[in-house]
Amino acid sequence: MIWGVKPFASDLSEFLDASPTPFHAVARMRAQLVEAGFRTLRETDDWGGDLPAGGYVVERNGSTLLAFTWPGGTPETLALVGAHTDSPNLRPMPNPLGVSEGYLTLAVQVYGGALLAPWFDRELGLAGRVIVRGADASPEVHLVDSHRPVGLIPSLAIHLDRKVNSGRAINPTAEMHVVLGRTSGQAPSWGDWLRGAIDEFPGGEVLACELSLYDATPARILAPDSWIVSARLDNLLSCHAACRAMLRADAGAFNMLACHDHEEIGSRSWPGAQGDTAVAAIERLVPDPVRRARLLAASLMLSVDNAHGVHPNFAHKHAAQHRPLLGGGPVLKLDEAQRYAGDSLQIARLRLLAERADIPLQVFSVRPDMACGSTIGPISAANLGLPALDIGVPQWAMHSVRESASALDAEQLEQLLAAFWSAAG
Ligand code: CO
């Protein structure tokens, strides 16, 4: 069923559960777009500005997705929306299996700025991309998902660490091995263990893999305020809202969605926002440098990433008058040092757009005596050469394995982005 038809909150839950890794999120978004009539382009194919008018999807590395509507001819503006597909998590080390006290254990590395404590006592699944030796010895790519827990990281009992509630550092290398089960001998090979743990694991020798652990608990909606509680809200919530909006975008205008991998580790990679995925596509579509420069200068990028909703137990961590509420609507994220992209003219443009779409906006700016996070907004603005503005839905527990936000805010974000893409051109 096509997005936009199902109720928003259950649709979002389904997307989150089906997308334990960026590879799965991109595959899911691509499938939805293709079902709605978007055509797939490959970066290795010969295509450019002579493409017939229509909707198109391009992937890079299977973990970054571009979707755009191309009007044909010589469009004069681009309405770009950016988001990211990755989330902080725990990932297996390259040779992760070991034996400790008769248990088979899996050593992890931390991807991005993860909150570590919430990973204890979770039922953990395993998913990602696996490359096996194909029939003709060429690499064969598969997405895999255990669809069930394969292990857990038990807490240490309070009786064995009486001071744990007064603060204890967590060392992920020493203390966060995932316990997989009992073993009487040596650790099996990684490929053999994966084949036993993951149904439908591909045959053939495992040449390489990129796997992530995930909380196998499904997303849930909490009444009465329609809070959604799930992993990866940062930033699959934004990918989902933007992808739904793209399905309703004005096909007669040049609209683009860029969902990038690797934001949580700084965006400096081939598929990341510092890479040239979007730059290269725009260069193909608008090859003349003067026309392209004119187009970009007249364009706008909305960088969409979740914001910090005020926490009622820690309200002092937010500056007064800058405390977004869950359910209060999307947030303008402002920072004088451009760790969030924006300027007064772009803010005014968004305010007018939100006013027309009847969507409330909240404002966040970090407490001036605290460090501000960042987004792909400033990176893309500098990399592409166009004005950008950071917005996002307020959430709690950013970078926890169980985050929370309001599904009502997420739906308003979709409406705001749909308005952005219908007003463009
Ligand atoms: Co984010």
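A salt bridge, defined as a side-chain nitrogen of Lys or Arg within 4 Å of a carboxyl oxygen of Asp or Glu, connects Arg-339 to Asp-335, with 3.0 Å between the closest N and O atoms. The structure is a predicted model, in which local features need pLDDT of at least 70, side-chain atom pairs count only at pLDDT 80 or more, and totals for chains, interfaces and linings use all residues. Residues are numbered from 1 along each chain as its sequence is written, and side-chain values use heavy atoms, with hydrogens and water left out.

Solvent exposure was classified by relative accessible area, with buried meaning under 20%, exposed over 50% and partly exposed in between (1.4 Å probe, protein chains only).

Helices (H or I, at least four residues) and strands (E, at least two) are DSSP runs, numbered from the N terminus. Arg-28 is partly exposed, with 22% relative accessibility, and Glu-14 is likewise partly exposed, with 35%.

A further salt bridge is formed by Arg-367 and Asp-369, whose closest N and O atoms are 2.8 Å apart. Here Arg-367 is partly exposed at 24%, while Asp-369 is exposed at 57%. Through salt bridges with shared partners, Asp-11, Arg-244, Arg-248 and Glu-414 are joined into one network.

Aromatic contacts were examined next. Rings of Phe, Tyr and Trp (its six-membered ring) pair if their centres lie within 6.5 Å; planes under 30 degrees apart count as stacked, over 60 as edge-to-face and the rest as tilted. The whole structure contains 5 aromatic pairs. Among them, Trp-70 and Phe-254 pair edge-to-face, with 5.0 Å centre to centre and 90° between the planes. Trp-70 lies in strand S3 (residues 64-70) and Phe-254 in the loop between helix H5 (233-247) and strand S13 (255-260), so that the pair links distant parts of the chain, 184 residues apart. Trp-70 and Phe-254 are both buried. Ring pairs also link Trp-47, Tyr-56 and Phe-68 into a cluster.

Trp-47 additionally has Arg-284 over its face, at 4.4 Å from the ring centre. A charge sits over a ring if NZ of Lys or CZ of Arg is within 6 Å of the ring centre and within 35 degrees of the ring normal. The charged end of Arg-91 is likewise placed over the ring of Tyr-111, 3.6 Å from its centre.
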